[in-house]
Amino acid sequence: MTISTAPAPLAAGPPVSAAPARGSRLWSWLAFLVVALYFVLPLVATFYWSLRAEKGVLGFEAYRKLFADANFLPAFSESIVNAVLAIFLSLLIIVPTAYWVTLRLPGLRPVVEFITLLPFVIPAVVLVFGLIRLYGRPPLLLTATYGSSRVVLVCVYAAISFPYMFRSVDNGLRAMDVRGLTEAAQGLGAGWGTILRKVIFPNLRVALLSGALLTFAIVIGELTIALFMAQHTLGPYMAELTRSKVYEPSAMAIVAFAITWAAMGMIAYISRERKQM
Amino acid sequence: MSGGFLTLEGVRKEFKGKLAVDRFDLEVAPGEFVSFLGPSGCGKTTTLRMVAGFEHPSAGTVRLAGKDVTFAKPNERNIGMVFQSYALFPNMTVAGNIGFGLRVRKESAAARERRVAELLELIHLPDKGKSYPYELSGGQQQRVALARALAIRPQLLLLDEPLSALDAKIRVELRSEIRRIQRELGITTIYVTHDQEEALSLSDRIVVMSAGQMEQVGTPFEIYNFPKTSFVAAFVGTLNQLHCTVADAGSGAVAFNGQTIRVGSPIQFAKGTRVLMMLRPEELHLGEEGGDNRLSGKVDTVTFLGGVVRVRVGLGDSNLTLDILNERTLRLPTVGEQQTLSFPPHACWVMAEN
Ligand SMILES: Nc1ncnc2c1ncn2[C@@H]1O[C@H](COP(=O)(O)OP(=O)(O)O)[C@@H](O)[C@H]1O
Ligand SMILES: [Mg+2]
């Protein structure tokens, strides 16, 4: 009898799959076209409507009026600041949590995922009443002033972003060798703070970007909670605008859309340029 | 008791009641290259991770340079580690990766730059400093990982199957690179592998492991030629085993299919005991010139491997494998032909049938 430890020959690879059938390509083009129309048509219609503020001619009168409105820019900038703060808060909570769960408590992943999904299933109205009842009463009284209400609002926005943020971060973590990179860094002498700052965050950049953008898009025009918290942000402003004006709301929608896209383009550009270290 | 630079004493590791490593005792001398060799799942990585500090032993102690580090954090041990998956930081350049440990140690940018250049030289990639890991081949990435581990001037270098993800040719190349660098720096090294050829060619000493236990510790020569257990004998190298009966314990003779085979030394089993007679393929010869023992059988298979030709000869229910060195004038045996095999008594040894 002979025992050999010579490596076994590699099995032949799977057969190369055939090219997709011509018919399926036609269908995917058709699907693309339908979806494109679904998105583009309303946008075009809105844009067209926003150009008709002056009788008889197409022009940017609605936009001029919008920017001339003394309430617009403050509301807009306040919303942007809120969104950015909420994004940072959310990142600071979600990234270390998702990282630790991936590394040390993979069994808890479904639980954490469920918790992050809660803001999804609780309607905003319910959420806001709960918040006001909890934080608006003694001894906290966090809704007493405009400023403290704003702090609560940012915290709530951060919580609302959890489902998106956790998903994005979780996907990002799955795409990298979390354990290997962590242990490599540890072996080189790095502590947890250094590992998060120098290894985990930088490698999550793309994932964080998508989470941040989604959060931004949701938070920037949020109405219900801002309204109940008596905040002068873009959501309540737009609601007021829709009630009182005809063409400006369309102009407003186009502006918001353009800014979101500009932000996306800018961030994508920056993230490609900045290959630091 | 301690004389080793790295000492493991009675180390044991359980995962939720499941034993992964048990009774692990080892002393590694400064500058020594020790391999852990064994099949997948035998506890090599777990042992290495306990040395690195990524796992804590359930029992036993780990001492490094005279200090008990059993429960020290990995980032306080000053140990360089190389992983099978390279684990290079994708967001950093090669130089950034190599310099990472020095940055953590707050070394000046100038000192860091000098050290990085030194290591790039050492791994023969002097102009790859500005490249990103994804721009390098697997072999180059693993060299960078090695340089990164060495940059911090570790007191110990740990490698966990560093070549397993690479092509055969690169594997052999990088293997000798690793040994050269290890010799050059004189760094104490532990190398985990399931590849016996790697372990044999690289190591000063090999620890053969099976099912969480140490089977044997010894030099490659000892492990290959004087295996202490049948597991070691079978796992390291190719081995012929024949089921025999002890014919004469004192003079060292066993009976196989009614024929007598002489083994070089007295046998520790009583006459009539069923035993396994073992010998390596390179000790067998075709024809009568190979020694006093003779067996004859029919050629089963002939495999041309380049430098050697491997021939399997059937002997009834058993068979023997032998290696012939290739020559241009060699007459290859043909399948089905009757052949006489010869081998010297001192090439044979006997173990209990399991
Ligand atoms: N974190 C862990 N949890 C539970 N079991 C583990 C863990 N790590 C390793 N094991 C088990 O311990 C045994 C040894 O594993 P390992 O040291 O990785 O083997 P090797 O490196 O020799 O292939 C295996 O049975 C493996 O399943
Ligand atoms: Mg392993």
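Q: In which helix of chain A is the place of Val126(A)?
A: In this predicted model, Val126(A) is one of the residues that make a nonpolar surface patch of about 1,100 Å², together with others including Trp100(A), Phe114(A) and Trp192(A). The place of Val126(A) along chain A is within residues 124–135, which form helix α5.

Q: Which helix of chain A gives the largest share of the nonpolar patch?
A: Among the residues that make the patch are Val111(A), Phe114(A), Ile115(A) and Leu118(A). Six residues of the patch come from one helix, spanning residues 109–121, and this largest share belongs to helix α4.

Q: Which strands stand at the edges of the open sheet of chain B?
A: The five strands of this open sheet pair in an antiparallel way, in the order β15-β19-β16-β17-β18. Two of them have a single partner strand each, so one side of each is left without a neighbour in the sheet, and these are β15 (285–286) and β18 (318–325).

Q: What is the bridge partner of Gly314(B) in β18(B)?
A: Strand β17 of chain B, residues 308–315, runs antiparallel to β18(B), and eight bridges join the two. Within this pairing, Gly314(B) has as its bridge partner in β18(B) the residue Asn319(B).

Technical notes. Residues are numbered from 1 along each chain as its sequence is written. Chains are lettered from A and ligands numbered from 1 in the order in which they are written. This is a predicted model: local features need pLDDT of at least 70, side-chain atom pairs count only at pLDDT 80 or more; totals for chains, interfaces and linings use all residues. Side-chain values use heavy atoms; hydrogens and water are left out. Patches are made of residues with over 30% relative accessible area and no salt bridge: like charges are joined within 9 Å, nonpolar side chains (Val, Leu, Ile, Met, Phe, Trp, Tyr) within 5 Å. Accessible areas come from the Shrake-Rupley method with a 1.4 Å probe; for residues, only the protein chains shown count as cover. A salt bridge is a side-chain nitrogen of Lys or Arg within 4 Å of a carboxyl oxygen of Asp or Glu. Helices (H or I, at least four residues) and strands (E, at least two) are DSSP runs, numbered from the N terminus. Two strands pair if DSSP finds at least two bridges between them.
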